[in-house]
Amino acid sequence: MGIMKRLIDFIISFVGLIVISPILLVTTLLIRITSGSPVFYRQDRVGLNGKTFKLYKFRTMVADADKIGTAVTAKNDPRITPLGGFLRRFKLDELPQLINVLKGDMSFVGPRPDVPGFADKLQGEDRIILTVRPGITGPATLKYRNEEALLASQADPDKYNAEVIYPDKVRLNREYVKNQSFLGDMKYLLMTVFGRPFHE
């Protein structure tokens with residue numbers, strides 16, 4: 001499945017980047033006009049076999065937002081720019097990740113790539129997550145598609161993320177890797193595109 005999946009990822013991401021190029025161009029211009037540079041947000045993430053890569057997104061927060069506030073982002077976070085809020089609402093900030101898929105850093109379906117600090121916590125059987133390319137979508141991503149709103153409702157978002165959301169994501173990602181299949185990937189892609197709810 002690995003070679004076929006990579007071939008499909010390459011073809012779809014290549015065609016997809018051509019098709020959405022007008023959206024990428026307009027979004028780039030709007031970010032430059034409304035909040036300046038940089039346009040893209042680049043962050044170290046842990047991918048296949050624990051190798052670190054740069055994940056690309058459109059910048060949706062004020063410059064140097066990583067140095068302000070908490071590590072998690074809740075809905076209505078003051079660091080999010082007005083345009084950034086719109087991009088995040090419709091997941092348009094994620095479009096540059098097609099570049100990561102084209103390069104082979106990521107796949108369309110798989111566990112979301114963690115930052116090094118969280119990935120380092122994976123122990124024992126959980127490290128199976130690092131044996132596949134991380135993905136743009138997957139079961140954990142679908143279950144927590146409204147993660148920012150969920151975190152906003154908590155008294156301590158960081159604690160809730162560390163004690164509830166993250167362990168559950170690890171469980172879902174571990175089960176995905178163990179049971180991944182072509183038909184399963186197609187199901188997760190369709191659920192993502194059409195906004196279908198996730199049921200375990």
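The exercises below, each with a worked solution, concern a predicted model of a protein.

**Exercise 1.** Work out how many helices and strands the protein has, and in what pattern they follow along the sequence.

*Solution.* Begin with the totals, which are nine helices and four strands. Then read along the sequence, where the pattern is α-α-β-β-α-α-β-α-β-α-α-α-α.

**Exercise 2.** Decide what the radius of gyration says about the protein when it is set against the value for a compact globule.

*Solution.* Start from the chain length of 200 residues, for which a compact globule would have a radius of gyration near 16 Å. Next take the value for the protein, 17 Å, which agrees with that expectation. Finally, turn to the contacts between residues at least 6 apart in sequence, of which 68% join residues at least 24 apart.

**Exercise 3.** Classify the ring pair of Phe86 and Phe90 as stacked, tilted or edge-to-face, and each of the two residues as buried, partly exposed or exposed.

*Solution.* A search of the whole structure finds five aromatic pairs. In the pair of Phe86 and Phe90, the ring centres lie 5.0 Å apart, and rings count as a pair if their centres lie within 6.5 Å. The planes stand at 55°, so the pair is tilted, because stacked requires under 30 degrees and edge-to-face over 60.

Terms used. Residues are numbered from 1 along each chain as its sequence is written. This is a predicted model: local features need pLDDT of at least 70, side-chain atom pairs count only at pLDDT 80 or more; totals for chains, interfaces and linings use all residues. Side-chain values use heavy atoms; hydrogens and water are left out. Helices (H or I, at least four residues) and strands (E, at least two) are DSSP runs, numbered from the N terminus. The radius of gyration is taken over C-alpha atoms; the globule rule is 2.2 Å times the number of residues to the power 0.38. Contact means heavy atoms within 4.5 Å. Rings of Phe, Tyr and Trp (its six-membered ring) pair if their centres lie within 6.5 Å; planes under 30 degrees apart count as stacked, over 60 as edge-to-face and the rest as tilted.
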